[in-house]
Amino acid sequence: MIDQHHQQEAKLRYELGPEDEGTALRTILRSKLQVSRRLMTKLKTVDQGITVNGSRLYMDAKLHAGDVVEVRLPAETSETIEPQPMELDILYEDDDLLAVNKPAGLIVHPTLGHYKDTLANGVMHYWQERGESYRFRPVHRLDELTSGVVLIAKNAYAHQQLSLQLQEHSVVKEYLAYVHGNLAAPSGVITGPIDRDPEQPHIRIVTENGYPALTTYEVVQTYREASKVKVLLGTGRTHQIRVHMRWLGHPLIGDPLYTLPDCDNERYAGIMDRQALHAVKIEFSHPLTGEPVCIEAPPAEDLMRLQAFLEQS
């Protein structure tokens with residue numbers, strides 16, 4: 001159960017039942033509230049960060065049925081990220097989460113030498129305008145030229161819980177891709193391991209000694225020289241969909257980095273000048289309520305123009 005103190009501070013609460021009699025506080029925090037060791041260590045330094053019946057106790061204190069354990073998640077901010085006015089397409093927001101439909105061409109987080117004009121700058125300004133203070137915690141990333149839903153956690157606990165769901169592969173991440181050519185099978189699973197190309201470290205390749213990667217695809221529509229494909233990610237390797245579709249022999253339209261010699265990206269110049277990839281949907285369990293959440297992002301305009309062009313070709 002969660003009680004929202006005010007806009008920027010959340011509280012976790014657990015009341016011990018008869019089955020919890022004699023259980024240590026540390027165990028309750030870990031097993032019932034799923035507080036990570038890292039967050040537990042941080043909360044120990046916060047005034048009233050962890051309390052039992054309103055009082056602070058040692059982590060090994062034995063608790064009793066009826067005791068109420070509360071965890072206060074303090075307000076945070078990303079002080080190094082400069083707020084910057086930006087038009088945001090908000091798909092979903094509550095006290096713990098924010099989901100944005102990211103346009104192609106926008107980097108998610110500031111990087112070395114690129115401190116402004118990122119999604120993080122825009123989100124920080126959005127919160128600032130509302131008088132709210134949160135740390136920018138993206139749950140996952142999208143490539144700069146990939147559009148679609150980006151999920152952001154507003155507190156450390158929500159981020160931790162969603163990270164666990166990602167590790168357990170219980171988060172559904174669905175993408176829409178337009179690829180060169182017609183695939184031999186209407187659906188399939190791609191499991192080629194992925195790692196950096198030793199000769200070009202910024203490029204990923206399928207290689208026997210790479211990291212495990214799992215991509216599931218289903219052909220939605222075929223055109224004369226292309227296909228519209230629904231893609232589900234089982235893992236989150238860098239450039240995974242782009243690498244796997246190239247390995248399958250069907251690179252994404254407009255993707256110069258992972259194209260093949262017989263793929264004519266010039267044919268789509270002016271219509272699709274980036275990889276034709278959109279994060280269309282994400283499904284997960286809400287990190288605090290446990291309720292199922294499904295967030296969808298309508299496809300970008302350039303993808304709709306590409307689809308119209310393919311239908312007419």
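Which element gives the most to the lining of the second largest pocket? In this predicted model, that element is H4, which contributes four residues to the lining.

**Second largest pocket**

- The second largest pocket holds about 380 Å³ of space, and its lining is made up of 14 residues, among which Arg38, Arg135, Arg137, Ala156 and His159 lie nearest the centre.
- Two or more residues of this lining come from each of helix H2 (37-43), strand E7 (137-138) and helix H4 (156-167), with H4 giving the most.
- By residue class, the lining of the second largest pocket divides into five nonpolar, four polar and five charged residues.

**Largest pocket**

- About 640 Å³ of space lies in the largest pocket, which is lined by 28 residues, and those nearest its centre are Arg141, Leu142, Asp143, Glu144 and His239.
- The elements that give two or more residues to the lining of the largest pocket are strand E9 (172-180) and H5, and of the elements it is H5 that gives the most, with three residues.
- The lining of the largest pocket comprises 10 nonpolar, nine polar and nine charged residues.

**Aromatic pairs**

- Tryptophan 127 and tyrosine 134 are both buried.
- Tyrosine 268 and phenylalanine 309 form an aromatic pair that is likewise edge-to-face, with 5.9 Å from centre to centre and an angle of 80° between the planes.
- This pair links distant parts of the chain, since tyrosine 268 sits in the loop between helix H5 (240-247) and strand E15 (277-285), while phenylalanine 309 belongs to helix H6 (residues 301-312), the two residues being 41 residues apart.

**Exposure of tyrosine 268 and phenylalanine 309**

- Tyrosine 268 counts as buried because its relative accessible area is 1%, and buried means under 20%.
- Phenylalanine 309 has a relative accessible area of 26% and is therefore partly exposed, a class that lies between the buried limit of 20% and the exposed limit of 50%.

Conventions. Residues numbered from 1 in each chain as written. Predicted model: local features only at pLDDT ≥ 70, side-chain atom pairs only at ≥ 80, totals over all residues. Heavy atoms only, no water. Buried < 20%, exposed > 50% of the residue type's maximum accessible area, 1.4 Å probe, protein only. Phe/Tyr/Trp six-rings, centres within 6.5 Å; stacked < 30°, edge-to-face > 60°. 1 Å grid on protein atoms, 1.4 Å probe; cavity = no way out; pocket = protein on both sides within 12 Å on 5 of 7 lines; lining within 4 Å. Points joined across faces, edges and corners; volume = space filled by probe spheres on them. Nonpolar A, V, L, I, M, F, W, Y, C, P; charged D, E, K, R; others polar.
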